[in-house]
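Colleague: Could you take me through one part of this model closely, with the cut-offs spelled out as you go?

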Amino acid sequence: MSFNSPSPTTPTPPRSTSPWALVALAVSMLLASLGVSIANVALPAIAEAFDAPFHTVQWVVLAYLLAITIMIVTAGRLGDILGHKRVLTGGLILFTLASLLCGASPTLPILIAARALQGVGAAVLMALSLALIRDTVPPEKIGTAMGLMGTMSAIGTALGPSLGGLLLAGPGWHAIFLIVVPLGLVNTVLVLRTIPAHDARVKDTRSRLDGWGTLFLAGALGTYALAVTIGNGTLEWLNIGLIIACAIAIGLFIRVEKAASAPLIELSALRDLSLTTGLITNFCVATVMMATLVVFPFYLSLALGLNAALVGLILTVGPVLSVICGVPSGWLVDQLGVSRIMFLGLFAMVLGCLALALMPTEFGIIGYIAAIAVLSPGYQLFQSANNTAIMSPVPTDQRGVISGMLNLSRNLGLITGAAVMGTIFTYGVGRSDIVKAAPTAVATGMHTTFAVATIIIAFALCLAIITYKRASGRVPLETPQH
């Protein structure tokens with residue numbers, strides 16, 4: 001399957017001339033990202049409010065992440081079938097109403113169920129925001145727009161803990177969910193008024209949702225996510241059973257997709273080397289970035305002996321740098337082309353991971369900040385280039401599902417990074433009770449984790465270089481998007 005030209009059955013969509021259309025998409029991405037990070041800080045307060053143990057309360061976070069992971073490809077496919085604007089509007093309404101239900105939840109089970117619904121809405125926002133970029137900006141500015149999407153995602157990640165802390169100190173945990181309701185309502189109106197409307201439905205058998213494919217994909221993603229989150233990274237019989245169930249679901253999904261007249265994912269699309277490489281490298285990068293969030297709170301507090309306030313302040317350096325570098329990274333993609341910026345970003349990430357493995361133990365806080373000052377800009381350069389390379393050539397009737405796959409690879413990377421890289425860190429420390437470990441043991445765990453992270457990003461860089469050489473004649477990999 002080629003993504004270099006529009007499908008002949010798909011009408012060319014109108015393009016918005018209003019800058020507010022891009023604002024609407026950016027706010028949609030911000031809402032979904034904020035939903036990931038803002039609830040974490042409220043878990044102790046929620047546990048106290050409902051008199052519940054931590055292993056139960058953590059499902060307030062897991063339900064949201066699992067819903068996004070399971071539904072994001074289906075959300076994108078629904079956009080391709082029913083129209084991107086129509087489904088994005090429905091996703092905003094669902095996200096807003098679910099947020100209201102979260103804030104008004106009288107019991108913990110209702111709160112967890114509401115968070116799952118909020119995650120379904122967030123899946124729509126993530127998938128369709130990227131899918132609609134080409135309808136809101138001219139081709140020569142797609143890279144800049146993708147950089148803006150990365151910036152908004154970083155803002156949501158950075159803003160969540162600080163905004164959540166302020167709301168907890170004031171109105172309480174209910175306000176953490178209710179704060180996004182007015183923003184969701186305003187953005188729904190903005191989408192309705194500024195995003196160009198067109199009928200994305202295809203006049204053939206593809207204009208149906210693949211029910212069995214959706215079911216088996218959801219089963220595969222759900223069992224995988226549960227396998228790597230249950231048990232805090234340990235390999236027990238339940239985890240093994242879930243992994244086996246995941247493998248069976250994947251096999252059934254592939255079999256169903258090969259026979260389906262309207263498949264959820266055209267498996268032939270994965271023969272496109274550029275697309276497959278983009279998804280794999282995106283997964284690798286997300287895995288490593290999550291490792292920084294998992295490991296360094298422990299390293300800064302236990303190995304360097306910093307207090308909680310200083311740890312929180314230092315950990316904001318990475319997200320702040322990502323916010324600053326997002327739009328400039330996209331601009332560089334527009335000017336220099338995706339291949340150069342992708343290689344530069346991945347190379348910077350290799351250096352950043354290597355520096356994180358070595359410099360904090362030698363130079364303390366300054367070493368960490370210097371290393372993260374290389375890693376975070378590299379991450380944004382990669383994100384802007386990779387998103388542009390994947391989404392630019394996709395025809396209209398496939399943008400939603402390909403955007404869903406792009407977001408899915410990132411989300412699976414985040415889940416894997418939290419579980420697998422966390423397990424590697426624990427292995428390096430030498431004991432599961434990290435809080436009681438010696439500072440030198442924590443440092444050893446950090447070295448081990450980021451040595452592995454360096455290898456992962458080096459693999460991603462090599463894969464990107466090989467793909468570039470094999471596809472050297474393709475415009476999206478070689479030249480700026482003009």
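Colleague: Please look at the packing around α17: in which kind of crossing does α12 pass α17, left-handed or right-handed?

Modeller: Happy to! α12 passes α17 in a left-handed crossing (the near helix is turned anticlockwise from the far one by less than a right angle; clockwise would be right-handed). Please keep in mind that this is a predicted model, in which local features need pLDDT of at least 70 and side-chain atom pairs pLDDT 80 or more, while totals for chains, interfaces and linings use all residues. Residues are numbered from 1 along each chain as its sequence is written, and side-chain values use heavy atoms, without hydrogens and water.

In this pair, α12 covers residues 273-303 and α17 residues 439-470 (helices are DSSP runs of H or I, at least four residues, numbered from the N terminus). Their axes lie 9 Å apart, at an angle of about 165° (lines fitted to C-alpha atoms over the stretch in contact, with angles from 0 to 180 degrees between N-to-C directions). α12 and α17 are therefore roughly antiparallel (over 145 degrees). The contact of α12 with α17 (heavy atoms within 4.5 Å) has 24 nonpolar, 6 polar and 1 charged residues (Ala, Val, Leu, Ile, Met, Phe, Trp, Tyr, Cys and Pro are nonpolar; Asp, Glu, Lys and Arg charged; the others, Gly among them, polar).

α17 has another partner, α15, which spans residues 338-391. The angle of α15 with α17 is about 165°, and the axes are 8 Å apart. α15 and α17 are therefore roughly antiparallel to each other, and α15 passes α17 in a left-handed crossing. The contact of α15 with α17 is made up of 24 nonpolar and 4 polar residues, with no charged ones.

A pocket here is an open set of points on a 1 Å grid where a 1.4 Å probe fits, with protein on both sides within 12 Å along at least five of seven lines; lining residues have an atom within 4 Å of a point. The second largest pocket holds about 570 Å³ of space (the volume filled by probe spheres set on the points). Its lining has 20 residues, with Leu217, Leu221, Leu270, Leu408 and Leu412 nearest the centre. With 5 residues, α16 gives the most to that lining. By class, the lining has 17 nonpolar and 3 polar residues, and no charged ones.

Methods: Helix = DSSP H or I, 4+ residues; strand = E, 2+ residues; numbered from the N terminus. Parallel < 35°, antiparallel > 145°, perpendicular 65-115°, else oblique.
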